[in-house]
Amino acid sequence: MSRNGQPTPPPAHVLPPVTALFIGDFPLPRGHALPTHRHASHQLAWPARGLLRIRTERGSWLLPPTLALWIPAGVSHAPESEGDAVLSSLYLRPERCPSPSASWPQPTVLAVDPLLRALLDHLLSDDLAPDARARAEAVLFDAMRPVPATDVSAPEPKDPRARAVARELAVNPADDRALSEWGLWAGASARTLARLFVTETGLSFGHWRRRLRMRAAMRFLAEGLPLEAVARRVGYASASSFAAAFHEVTGLTPRQYFPLGGED
């Protein structure tokens, strides 16, 4: 473990002659964040329990136990728990990774289906013989399946007027006031606020608010709330309209993100 409390792979000269070494489970209490760091190895970061946000220099992802993030070697990242979470990390030496895994140059979201989860749990064992570990890892690469989950970051604006609006919406994502109404509240014209959101977040106000709502919805979905209840909490009149917006923003349906949740 490093000085700042991060799990780190041991030096190459003490690794067994296989592709990967599972460091194990790393508990992250609610709201706990690790400093931004990077590794010389590829990393497969998986929330074995809870909801985990991983910020990288290429984007930000919110992951339940049904998803993992492939983080290429050298990419800076910072895990943060949205609730009581457990981060499990698998470090893979780039020179030993077969294709197509070795060809993923960007952070890539992977589906954690029952097969991949069983393999990850199996590799947690610290008493596997080298040949048994090598066989498990060979299947592991075949089980890695990318899914089209997209970046769900909603950066906070720096301008105090736009930032005040963003923070109010973070507290109550269901607030459906139009930009003109927010302008009266914040002391800026609707045109000024629209420009500030685009220049300071890279997103239009409408797109930014949809991302914020989906981030809030993920916490509720992770808690097992019915889809209708989640929809109302984040500002949608029906489960179907919410599910459509969720798919548009994240690239997945609510059930694909949280298979044990409510209907799509």
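Helices, taken as DSSP runs of at least four residues, and strands, taken as runs of at least two, are numbered from the N terminus. In the predicted model, the chain contains nine helices and eight strands. Of its 264 residues, 51% are buried.

Three of the strands form an open sheet, arranged in the order β4-β3-β6 with antiparallel pairing. Strands β4 (59–63) and β6 (77–81) stand at the edges and have a single partner strand each, so one side of each is left without a neighbour in the sheet. On average, neighbouring strands of this sheet are turned by 15° against each other, direction ignored. In general, the strands of a sheet pair through backbone hydrogen bonds, in either a parallel or an antiparallel manner. Here, strand β3 (residues 52–56) runs antiparallel to β6 and is joined to it by five bridges. Within this pairing, Arg-53 has Glu-80 of β6 as its bridge partner.

Attention then turns to the helices. In helix α4 (residues 179–186), the residues Leu-179, Trp-182, Gly-183 and Ala-186 are buried. When α4 is viewed down its axis, its buried residues fall within an arc of 105°, so they line one face of the helix. Just after α4, Gly-187 adopts a positive phi of about 80°.

Helix α6 (residues 205–222) contains Ala-216. The relative accessibility of Ala-216 is 4%, and this residue therefore counts as buried, the cut-off being under 20%. With its neighbours within four places in sequence left aside, Ala-216 is in contact with Pro-173 and Val-234. The C-alpha atom of Ala-216 is separated by 9.4 Å from that of Asn-172, a residue 44 places away along the chain.

Definitions and conventions
Residues are numbered from 1 along each chain as its sequence is written. This is a predicted model: local features need pLDDT of at least 70, side-chain atom pairs count only at pLDDT 80 or more; totals for chains, interfaces and linings use all residues. Side-chain values use heavy atoms; hydrogens and water are left out. Buried means under 20% relative accessible area, exposed over 50%, partly exposed in between (1.4 Å probe, protein chains only). Contact means heavy atoms within 4.5 Å. The arc is that of the directions from the helix axis to the C-beta atoms. Two strands pair if DSSP finds at least two bridges between them. Axes are lines fitted to C-alpha atoms, for helices over the stretch in contact, and angles run from 0 to 180 degrees between N-to-C directions.
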